[in-house]
Every structure is written in structure tokens, then in C-alpha cells.
Amino acid sequence: MTANQDVAEQIRALEQRRYQAMTDGDVDTLGELFSADLLYTHSDATSDSKQSYLDRLTSGYFTYGPLSHPETSLVVHGDCVLVIGDMR
């Protein structure tokens, strides 16, 4: 396995943790996974900071059922990784 493949697998595992935490409403795990400067843009083009997203999740504003998140591609470029896909 190449270094890029190893990083890609680590990112896939983190993405799986993130989606599971969203489904479970697990604010602690999301707080750990999200960067302090997160900007979460929703499908309706509104956006949340890390804190506003976690606050809204805690309040029950967001409730997620089972999530599917097909990955179109994952690009490793130096210390940056782009995950391209969607959430259903």
C-alpha cells in the first residue's frame, strides 16, 4: 500500500466516524472531528460554524436518519485531502 493509499484509508475511516456521529447525534465525537474553523454548507446553501452546527444538532434542529454517502473520488495532495461525493 502506498502512502497516499494509507492516507486515503484513514480519511475514509474518519468519514465513516463522522457520518455515524451525525446519525447518532454524537456531538462529542463531531466536536473532536471538526476543525475549529469549520464552515459547514448545507444543501440549501445556508452555512454553520462548528459551534452553531453542534448547537443546532444538540437542540434537535438536525435529525438524521440512516445516511448513505457514496464517494466519487478521494484525492490526496500533500497534507490536503479532497473527498468528493454526496450525502443522501
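**Note on the predicted model**

1. Arg18 lies in helix α1. The model is a predicted one. Arg18 has a relative accessibility of 16% and therefore counts as buried, the cut-off for that class being under 20%. Outside the four places on either side in sequence, the contacts of Arg18 are Leu30, Leu33, Phe34 and Tyr40.

2. Arg18 also belongs with the largest pocket: together with Glu15, Tyr19, Tyr40 and Met87, Arg18 is among the lining residues nearest the pocket centre. The lining as a whole takes in 30 residues. Two or more lining residues come from each of α1 (3-24), β1 (39-41) and β4 (80-85). Helix α1 gives the largest share, with 7 residues. The volume of this pocket is about 830 Å³.

3. For orientation, the overall architecture is as follows. The chain contains 3 helices and 4 strands, and their order along the sequence is α-α-β-β-α-β-β. Along the principal axes, the C-alpha atoms occupy a box of roughly 45 × 25 × 25 Å.

4. On burial and surface: of the 88 residues in the chain, 23% are buried. Among contacts with a separation of 6 or more, 32% join residues 24 or more positions apart.

5. On charge: there are 14 negative side chains and 6 positive ones in the chain. The centres of the two sets are 3 Å apart.

6. Which residues does Leu74 touch, not counting those up to four places away in sequence? They are Ala8, Ile11, Arg12, Val81, Leu82 and Val83. Leu74 itself sits in strand β3 (residues 71-77). Leu74 counts as buried because its relative accessibility is 16%. Ala21 is 53 residues from Leu74 along the chain, and the C-alpha atoms of the two are separated by 21 Å.

7. Asp86 is in the segment that follows β4. Its relative accessibility is 32%, so Asp86 counts as partly exposed; that class covers the range between under 20% and over 50%. Once neighbours within four places in sequence are set aside, Asp86 is in contact with Tyr19, Ser68, His69 and Pro70. Of these, His69 is 17 residues from Asp86 along the chain, with a C-alpha separation of 5.5 Å.

8. One backbone angle deserves a check by eye. Most residues other than glycine have a negative phi. Ala45 has a positive phi, near 75°. Ala45 is placed in the loop between β1 and β2 (47-49). Is Ala45 buried or exposed? With a relative accessible area of 63%, Ala45 is exposed, the cut-off for that class being over 50%.

9. To restate the accessibility classes: Arg18 is buried, Leu74 is buried, Asp86 is partly exposed and Ala45 is exposed. Their locations are helix α1 for Arg18, strand β3 for Leu74, the segment after β4 for Asp86 and the loop between β1 and β2 for Ala45.

Technical notes:
Residues numbered from 1 in each chain as written. Predicted model: local features only at pLDDT ≥ 70, side-chain atom pairs only at ≥ 80, totals over all residues. Heavy atoms only, no water. Buried < 20%, exposed > 50% of the residue type's maximum accessible area, 1.4 Å probe, protein only. Contact = heavy atoms within 4.5 Å. Lys, Arg positive; Asp, Glu negative; His and termini not counted. Charge placed at Lys NZ, Arg CZ, Asp CG, Glu CD. 1 Å grid on protein atoms, 1.4 Å probe; cavity = no way out; pocket = protein on both sides within 12 Å on 5 of 7 lines; lining within 4 Å. Points joined across faces, edges and corners; volume = space filled by probe spheres on them.
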